[in-house]
Amino acid sequence: MEDIQNKIIELRDELRTHNHNYYVLDNPKISDYEFDMKLKELQELEEKYPEFYDANSPTQRVGGAVTKNFETIKHEYRMYSLDNSYSKEDLLDWEKRIKKIVEGEVNYTCELKYDGASMSLTYEQGKLVKAVTRGDGFQGDDVTANVKTIKTVPLQLQGDYPDTFEIRGEIVLPFEGFSKMNQERIANGEEPYRNPRNTASGSLKLQDSAEVAKRPLECLLYNLKGRNLPISTQFESLEKARSWGFKVPDIAILAKNVDEVLEFVNFWDTKRHELPYETDGVVVKVNSLQQQEELGYTAKAPRWAMAYKFKAEQVSTLLNEITYQVGRTGAITPVANLEPVELAGTTVKRASIHNADQIEKLDIRERDTVFVEKGGEIIPKIIGVDFALRPVDSVPTSYITHCPECNTELIRTDGDAKHYCPNYNGCNPQIIGRIQHYISRKAMDIEGLGGETVALLVNAGLISNYSDLYELTKAQIIPLERMAEKSADNLINGIKASINIPFERVLYALGIRYVGETVAKKLAKHYKSINNLISATQEDLEQVDEIGVKIAESVTLFFASEENIQIVNRLKDFGVQLEVSSEELEGQTEILKGQSIVVSGVFEHVSRNELKKLIEDNGGKVSSSISSKTSFVVAGDKMGPSKKDKANSLGISLINEVEFLQKINKF
């Protein structure tokens with residue numbers, strides 16, 4: 001038996017090496033036939049001796065696992081989005097912000113931004129154990145069975161890899177493979193896929209991994225995450241990952257300044273059309289990982305990285321009609337209905353015009369030939385008019401004065417670009433939109449209830465606000481269109497389960513204007529319960545970190561409405577979480593309340609991120625730069641001399657890591 005086991009191990013190692021040579025290095029050492037024969041031999045041995053099964057064997061790449069429901073998994077390290085830049089001025093401004101926070105020379109790693117589906121892979125003892133989609137950045141779907149079929153994802157690493165780590169990258173579909181897939185679909189009388197990016201993303205959610213295995217997907221890796229990794233720079237991390245067996249594009253360069261970054265951008269803006277994959281820009285990262293830590297993150301993106309977008313594609317087409325949409329907040333958005341046109345791999349029929357000012361500024365009219373662009377935004381936008389082709393009988397656009405849905409006269413406040421329908425409780429799209437927001441994934445995440453079903457429920461008179469959801473019965477919803485018994489059960493169960501959603505997400509779900517996910521977290525953490533928040537005055541709210549006049553005014557207006565208070569009280573009665581749980585409160589204190597604290601340097605007992613969390617958990621505010629408002633600095637090893645000098649000149653005390661932990665009773 002030992003001979004059999006050794007033969008299986010030998011075949012696996014040999015096949016992994018050949019797979020790496022072929023798919024990652026593009027340097028095959030044996031023929032396809034020889035590879036297939038070795039794979040067949042291994043499959044037969046594994047079937048005959050199941051006691052030697054290995055989840056990461058090369059035979060597992062053929063797929064076969066069927067996943068009915070993809071489990072949602074919380075990311076250990078959040079997957080942030082990136083801020084975008086479009087000009088040298090944007091990059092120079094970014095560089096200035098960086099140099100206000102970090103000291104010394106700053107170098108940059110420039111990498112191409114591949115247009116695919118973001119993925120996080122987790123490895124333990126050199127084996128792939130988990131593959132999770134980006135999702136909303138906080139949590140994603142477990143698609144491990146499907147990702148294992150991708151030949152450029154190593155199932156077993158080589159070299160001096162760490163015990164446990166994550167690596168991020170993009171699942172892409174090369175142009176050549178995409179073209180072949182479409183040729184087959186057309187030959188079978190099927191509709192061709194629209195573009196490689198969406199096809200790659202959709203492939204990851206196929207239920208049968210054997211189907212995924214048939215698609216020529218690739219995985220390009222670019223970012224390591226973990227504790228005590230053997231790297232000190234981003235560029236080094238790319239080289240390390242490559243040595244462990246990952247497919248890491250070797251196009252990346254080290255740049256000393258913005259001029260060298262732009263040279264890289266300008267070169268690839270033209271050369272990218274020769275690449276086998278879709279790319280839409282360059283990602284510029286501060287190279288030093290220590291400087292990255294010091295720079296930290298905003299609510300949405302790392303301060304140490306910037307996506308420089310290539311010039312957007314443009315096309316011209318006919319604007320047939322301008323229509324108007326009503327959003328959940330009552331905001332009116334004008335929409336250009338266009339003669340269908342191909343743009344960046346998709347057929348565009350509609351484009352945003354934003355507001356009345358934009359229509360007036362560009363003098364956009366129906367029957368104009370307009371220029372449409374799809375740049376950083378997902379939704380295409382009109383950027384100009386071809387006046388040479390304007391009809392002689394053209395009439396200027398008159399912006400609507402009344403709501404297109406309920407005919408209420410629109411309002412527009414000073415300083416606001418949009419018009420609003422004030423009929424908050426009687427305008428159907430606002431009612432439907434608020435409930436759709438309430439049930440959405442980042443809010444209450446109610447399984448079995450989609451946007452179309454919400455519209456059906458409202459139009460059938462079964463609900464008029466989100467608290468009504470909790471009184472729905474199976475008998476009421478079964479008669480609805482496309483609603484079978486099982487779907488009705490799922491919907492009712494999904495609504496019941498939503499009472500366990502934590503307070504910060506409930507607060508976001510309420511749909512208060514300007515209260516996004518980040519603001520909802522701040523308010524939930526500060527006020528701890530909905531009752532405390534309802535009692536807060538506008539002046540109180542403005543004292544909360546990052547809450548300005550506009551948000552404070554919106555929150556107080558929301559709770560000044562008797563109808564909103566009634567809805568909140570009903571949610572309480574149904575058991576919805578309207579206060580922070582005791583588990584969440586555990587370990588939180590007010591020891592550092594009102595104090596602004598800067599963290600600088602390298603630490604021994606806890607990481608910088610853990611230090612920042614401890615500050616926030618104890619009521620303090622983390623600040624990125626030293627000023628007269630700084631209460632004290634937690635100073636670690638390698639703290640920059642100019643930061644130290646600034647603290648001393650302002651009379652701000654420096655304490656070490658142990659002194660800080662003692663201050664909050666953690667040492």
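Student: Please examine one residue and then a group of recorded positions. What is the relative accessible area of R350, and into which class does that value put the residue?

Tutor: The model is predicted, so local features need pLDDT of at least 70 and side-chain atom pairs count only at pLDDT 80 or more, while totals for chains, interfaces and linings use all residues. Residues are numbered from 1 along each chain as its sequence is written, and side-chain values use heavy atoms, with hydrogens and water left out.

The relative accessible area of R350 is 41%, which means that R350 is partly exposed. The classes are buried for under 20%, exposed for over 50%, and partly exposed in between, with a 1.4 Å probe and protein chains only. R350 belongs to strand β14, which covers residues 346-352. Strands are DSSP runs of E with at least two residues, helices are runs of H or I with at least four, and both are numbered from the N terminus.

With neighbours within four places in sequence set aside, the contacts of R350 are Q325, V335, A336, N337, L338 and P380; a contact requires heavy atoms within 4.5 Å. N320 and R350 are separated by 30 residues in sequence, and their C-alpha atoms are 10.0 Å apart.

The recorded positions come next. An unreviewed UniProt entry lists C403, C406, C421 and C427 under "binding site". Such positions are given in the numbering used here with shortened feature names, and annotations may be inferred rather than shown by experiment.

Beyond its neighbours within four places in sequence, C403 is in contact with V326, T408, L410, C421 and C427. C421, with residues up to four places away again not counted, touches G330, I332, T408, L410 and Q430, and also C403, C406 and C427.
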